[in-house]
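Please read the following report with the sequence and the structure side by side.

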Amino acid sequence: MAVEFNRSNTKENLMKAFAGESQARNRYTIAADTCKKQSMYAVGEIFLFTAEQERAHAQRYYDLLKELSGNTIEISGGFPIDHHDDIVKLLESAHHNEMEEYNDVYQAFGDEAKKEGFLEAASAFYQIAEIEQIHAKRFAKVKEMLESNTYFERSTSGMWMCLNCGHIQKGKAVPPLCPVCRYDRGYFIPAEMAPYLEMDFI
(Lines give C-alpha, C1' and ligand atoms only; values in the text may rest on other atoms or scores of the structure.)
Protein backbone atom coordinates (compact mmCIF):
# COMPACT_ATOMS: atom_id res chain seq x y z
CA MET A 1 0.00 0.00 0.00
CA ALA A 2 1.57 3.27 -1.16
CA VAL A 3 1.86 6.04 1.42
CA GLU A 4 3.22 9.59 1.36
CA PHE A 5 6.96 9.58 1.94
CA ASN A 6 6.86 12.17 4.72
CA ARG A 7 4.31 10.01 6.58
CA SER A 8 6.09 6.71 5.98
CA ASN A 9 8.01 4.35 8.21
CA THR A 10 10.56 4.16 5.38
CA LYS A 11 11.75 7.72 5.95
CA GLU A 12 12.46 6.84 9.58
CA ASN A 13 14.17 3.60 8.61
CA LEU A 14 16.36 5.47 6.13
CA MET A 15 17.36 7.91 8.86
CA LYS A 16 18.06 5.02 11.27
CA ALA A 17 20.20 3.38 8.59
CA PHE A 18 22.01 6.68 7.93
CA ALA A 19 22.71 7.04 11.64
CA GLY A 20 23.82 3.42 11.96
CA GLU A 21 26.17 3.56 8.99
CA SER A 22 27.62 6.87 10.16
CA GLN A 23 28.31 5.40 13.58
CA ALA A 24 29.80 2.24 12.07
CA ARG A 25 32.18 4.40 10.05
CA ASN A 26 33.35 6.15 13.21
CA ARG A 27 33.59 2.92 15.23
CA TYR A 28 35.79 1.37 12.55
CA THR A 29 37.97 4.46 12.35
CA ILE A 30 38.45 4.31 16.13
CA ALA A 31 39.12 0.55 15.87
CA ALA A 32 41.78 1.28 13.24
CA ASP A 33 43.51 3.64 15.66
CA THR A 34 43.51 0.88 18.29
CA CYS A 35 45.07 -1.53 15.79
CA LYS A 36 47.79 0.92 14.83
CA LYS A 37 48.65 1.61 18.46
CA GLN A 38 49.28 -2.14 18.76
CA SER A 39 51.42 -2.23 15.59
CA MET A 40 48.72 -4.07 13.63
CA TYR A 41 48.71 -1.56 10.81
CA ALA A 42 47.28 -3.88 8.12
CA VAL A 43 44.32 -4.92 10.28
CA GLY A 44 43.71 -1.23 10.91
CA GLU A 45 43.64 -0.71 7.15
CA ILE A 46 40.92 -3.38 6.87
CA PHE A 47 38.83 -1.40 9.35
CA LEU A 48 39.47 1.84 7.41
CA PHE A 49 38.63 0.20 4.08
CA THR A 50 35.33 -0.98 5.56
CA ALA A 51 34.70 2.41 7.19
CA GLU A 52 34.88 4.10 3.80
CA GLN A 53 32.29 1.69 2.42
CA GLU A 54 30.04 2.44 5.42
CA ARG A 55 30.37 6.13 4.50
CA ALA A 56 29.17 5.29 0.99
CA HIS A 57 26.19 3.40 2.45
CA ALA A 58 25.34 6.36 4.67
CA GLN A 59 25.46 8.68 1.67
CA ARG A 60 23.12 6.41 -0.30
CA TYR A 61 20.55 6.45 2.49
CA TYR A 62 20.97 10.21 2.95
CA ASP A 63 20.46 10.80 -0.77
CA LEU A 64 17.15 8.92 -0.57
CA LEU A 65 16.03 11.44 2.08
CA LYS A 66 16.89 14.47 -0.06
CA GLU A 67 13.29 15.46 -0.78
CA LEU A 68 12.81 16.05 2.95
CA SER A 69 15.69 18.58 3.15
CA GLY A 70 14.94 21.23 5.75
CA ASN A 71 12.97 18.84 7.93
CA THR A 72 14.00 17.01 11.08
CA ILE A 73 13.23 13.31 11.45
CA GLU A 74 12.86 12.04 14.99
CA ILE A 75 14.15 8.50 15.47
CA SER A 76 14.92 6.22 18.37
CA GLY A 77 17.01 3.10 18.33
CA GLY A 78 19.75 1.13 19.95
CA PHE A 79 23.32 1.48 18.76
CA PRO A 80 26.27 -0.65 19.93
CA ILE A 81 29.23 0.44 22.00
CA ASP A 82 32.21 -1.69 21.01
CA HIS A 83 35.14 0.18 22.48
CA HIS A 84 37.68 -2.61 23.13
CA ASP A 85 41.45 -2.65 23.44
CA ASP A 86 41.47 -6.29 22.29
CA ILE A 87 41.63 -6.44 18.49
CA VAL A 88 39.96 -9.84 18.37
CA LYS A 89 37.02 -8.43 20.33
CA LEU A 90 36.80 -5.49 17.93
CA LEU A 91 36.64 -7.92 15.00
CA GLU A 92 34.10 -10.11 16.78
CA SER A 93 31.85 -7.15 17.54
CA ALA A 94 32.14 -5.85 13.99
CA HIS A 95 31.20 -9.28 12.63
CA HIS A 96 28.18 -9.47 14.94
CA ASN A 97 26.92 -6.01 13.98
CA GLU A 98 27.35 -6.58 10.26
CA MET A 99 25.48 -9.89 10.43
CA GLU A 100 22.67 -8.25 12.39
CA GLU A 101 22.30 -5.66 9.64
CA TYR A 102 22.40 -8.38 6.98
CA ASN A 103 20.03 -10.87 8.60
CA ASP A 104 17.59 -8.69 10.47
CA VAL A 105 17.69 -4.91 10.22
CA TYR A 106 17.99 -4.23 6.50
CA GLN A 107 15.78 -7.14 5.49
CA ALA A 108 13.01 -5.73 7.69
CA PHE A 109 13.60 -2.19 6.42
CA GLY A 110 13.54 -3.43 2.83
CA ASP A 111 10.32 -5.34 3.36
CA GLU A 112 8.69 -2.26 4.93
CA ALA A 113 9.84 -0.01 2.08
CA LYS A 114 8.49 -2.48 -0.47
CA LYS A 115 5.17 -2.66 1.37
CA GLU A 116 4.90 1.14 1.44
CA GLY A 117 5.70 1.40 -2.26
CA PHE A 118 9.25 2.79 -2.08
CA LEU A 119 10.98 0.32 -4.35
CA GLU A 120 14.24 2.26 -4.76
CA ALA A 121 14.67 2.40 -0.99
CA ALA A 122 13.78 -1.29 -0.71
CA SER A 123 16.42 -2.13 -3.31
CA ALA A 124 19.03 -0.06 -1.44
CA PHE A 125 18.30 -1.85 1.83
CA TYR A 126 18.50 -5.31 0.23
CA GLN A 127 21.65 -4.54 -1.80
CA ILE A 128 23.52 -2.95 1.09
CA ALA A 129 22.52 -5.90 3.30
CA GLU A 130 24.46 -8.16 0.92
CA ILE A 131 27.52 -5.93 1.24
CA GLU A 132 27.27 -6.05 5.03
CA GLN A 133 27.45 -9.84 4.81
CA ILE A 134 30.74 -9.51 2.93
CA HIS A 135 32.00 -7.16 5.64
CA ALA A 136 31.01 -9.69 8.28
CA LYS A 137 32.84 -12.52 6.52
CA ARG A 138 35.98 -10.39 6.16
CA PHE A 139 36.02 -9.50 9.85
CA ALA A 140 35.37 -13.13 10.80
CA LYS A 141 38.24 -14.36 8.61
CA VAL A 142 40.76 -11.97 10.17
CA LYS A 143 39.52 -12.83 13.66
CA GLU A 144 39.90 -16.56 12.94
CA MET A 145 43.46 -16.09 11.65
CA LEU A 146 44.47 -14.06 14.70
CA GLU A 147 42.94 -16.58 17.11
CA SER A 148 44.55 -19.56 15.37
CA ASN A 149 47.92 -17.79 15.05
CA THR A 150 47.81 -18.14 11.27
CA TYR A 151 47.75 -14.44 10.43
CA PHE A 152 51.57 -14.19 10.43
CA GLU A 153 52.47 -17.89 10.31
CA ARG A 154 51.44 -20.97 8.33
CA SER A 155 52.20 -24.64 8.91
CA THR A 156 53.11 -24.96 5.24
CA SER A 157 54.21 -22.21 2.87
CA GLY A 158 52.26 -18.96 2.78
CA MET A 159 52.46 -15.52 1.21
CA TRP A 160 52.00 -12.03 2.63
CA MET A 161 52.20 -8.52 1.20
CA CYS A 162 53.79 -5.56 2.97
CA LEU A 163 51.28 -2.73 2.62
CA ASN A 164 54.05 -0.16 2.88
CA CYS A 165 56.31 -1.20 0.01
CA GLY A 166 54.50 -4.08 -1.74
CA HIS A 167 57.09 -6.75 -0.97
CA ILE A 168 55.71 -10.30 -1.19
CA GLN A 169 57.01 -12.48 1.61
CA LYS A 170 56.95 -16.22 0.93
CA GLY A 171 57.55 -18.96 3.48
CA LYS A 172 56.10 -20.17 6.75
CA ALA A 173 56.17 -16.85 8.64
CA VAL A 174 56.46 -13.10 8.36
CA PRO A 175 59.80 -11.76 9.66
CA PRO A 176 59.86 -9.15 12.46
CA LEU A 177 60.68 -6.46 9.89
CA CYS A 178 60.01 -6.23 6.16
CA PRO A 179 63.31 -7.16 4.46
CA VAL A 180 62.80 -4.39 1.89
CA CYS A 181 61.49 -1.30 3.71
CA ARG A 182 62.25 -2.40 7.28
CA TYR A 183 58.72 -1.61 8.45
CA ASP A 184 57.26 -3.64 11.31
CA ARG A 185 55.60 -6.99 10.51
CA GLY A 186 52.24 -5.43 11.39
CA TYR A 187 52.27 -3.92 7.89
CA PHE A 188 51.95 -7.38 6.35
CA ILE A 189 48.59 -8.74 5.24
CA PRO A 190 47.94 -12.32 4.05
CA ALA A 191 48.23 -12.33 0.27
CA GLU A 192 44.70 -13.67 -0.19
CA MET A 193 43.38 -10.49 1.44
CA ALA A 194 45.83 -8.01 -0.10
CA PRO A 195 44.30 -5.22 -2.21
CA TYR A 196 44.71 -5.41 -5.97
CA LEU A 197 46.87 -8.52 -5.79
CA GLU A 198 46.17 -11.38 -8.16
CA MET A 199 47.94 -14.63 -7.43
CA ASP A 200 48.99 -14.96 -11.08
CA PHE A 201 50.96 -11.70 -10.68
CA ILE A 202 53.45 -13.53 -8.47
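## The lining of the largest cavity

By class, the residues that line the largest cavity comprise 5 nonpolar, 2 polar and 2 charged ones, and this holds for a model that is predicted. The residues in question are Arg27, Tyr28, Ala31, Phe47, Asp82, Leu90, Ser93, Ala94 and Asn97. Helix 1 and helix 3 (87–116) are the elements that give two or more residues to this lining, and helix 3 gives the most, with 4 residues.

The volume of this largest cavity is about 60 Å³, and the structure holds 1 cavity of 30 Å³ or more.

## Make-up of the chain

The chain has 4 helices and 3 strands, and from the N terminus on its elements follow the order α-α-α-α-β-β-β. Along its principal axes, the C-alpha trace spans about 60 × 35 × 30 Å.

## Helix 1 against helix 2

Two packed helices are described by the angle between their axes and the distance between the axes. For helix 1 and helix 2 (residues 41–63), the axes come within 8 Å and cross at roughly 165°. Because angles over 145 degrees count as roughly antiparallel, helix 1 and helix 2 are described as roughly antiparallel to each other. Their crossing is left-handed, and the residues of the contact between helix 1 and helix 2 divide into 16 nonpolar, 5 polar and 7 charged.

## Helix 1 against helix 4

The axes of helix 1 (residues 9–37) and helix 4 (residues 119–147) come within 12 Å, with a crossing angle of roughly 25°. Since angles under 35 degrees count as roughly parallel, this angle makes helix 1 roughly parallel to helix 4. Helix 1 passes helix 4 in a left-handed crossing.

On the side of helix 1, the contact is made by Thr10, Asn13, Leu14, Ala17, Glu21 and Tyr28, while helix 4 contributes Ala121, Phe125, Ile128, Glu132 and Phe139. Sorted by class, the residues of this contact of helix 1 with helix 4 are 7 nonpolar, 2 polar and 2 charged. Tyr28, which helix 1 brings to the contact with helix 4, is also one of the residues that line the largest cavity.

## Helix 2 against helix 4

Helix 2 and helix 4 pack at an angle of about 175°, and their axes lie 11 Å apart. That angle makes helix 2 roughly antiparallel to helix 4.

From helix 2, the contact takes in Val43, Ile46, Phe47, Phe49, Thr50, Gln53, Glu54, His57, Arg60 and Tyr61, and from helix 4 it takes in Glu120, Ala124, Phe125, Ile128, Ile131, Glu132, His135, Arg138, Phe139 and Val142. By class, this contact of helix 2 with helix 4 has 11 nonpolar, 4 polar and 5 charged residues. Phe47, which belongs to the contact of helix 2 with helix 4, is also one of the residues in the lining of the largest cavity. On helix 4, Phe125, Ile128, Glu132 and Phe139 take part in this contact with helix 2, and these residues are also among those by which helix 4 meets helix 1.

Terms used. Residues numbered from 1 in each chain as written. Predicted model: local features only at pLDDT ≥ 70, side-chain atom pairs only at ≥ 80, totals over all residues. Heavy atoms only, no water. Axes fitted to C-alpha atoms, helices over the stretch in contact; angles between N-to-C directions. Parallel < 35°, antiparallel > 145°, perpendicular 65-115°, else oblique. Left-handed = near helix turned anticlockwise from the far one by under 90°. Contact = heavy atoms within 4.5 Å. Nonpolar A, V, L, I, M, F, W, Y, C, P; charged D, E, K, R; others polar. 1 Å grid on protein atoms, 1.4 Å probe; cavity = no way out; pocket = protein on both sides within 12 Å on 5 of 7 lines; lining within 4 Å. Points joined across faces, edges and corners; volume = space filled by probe spheres on them.
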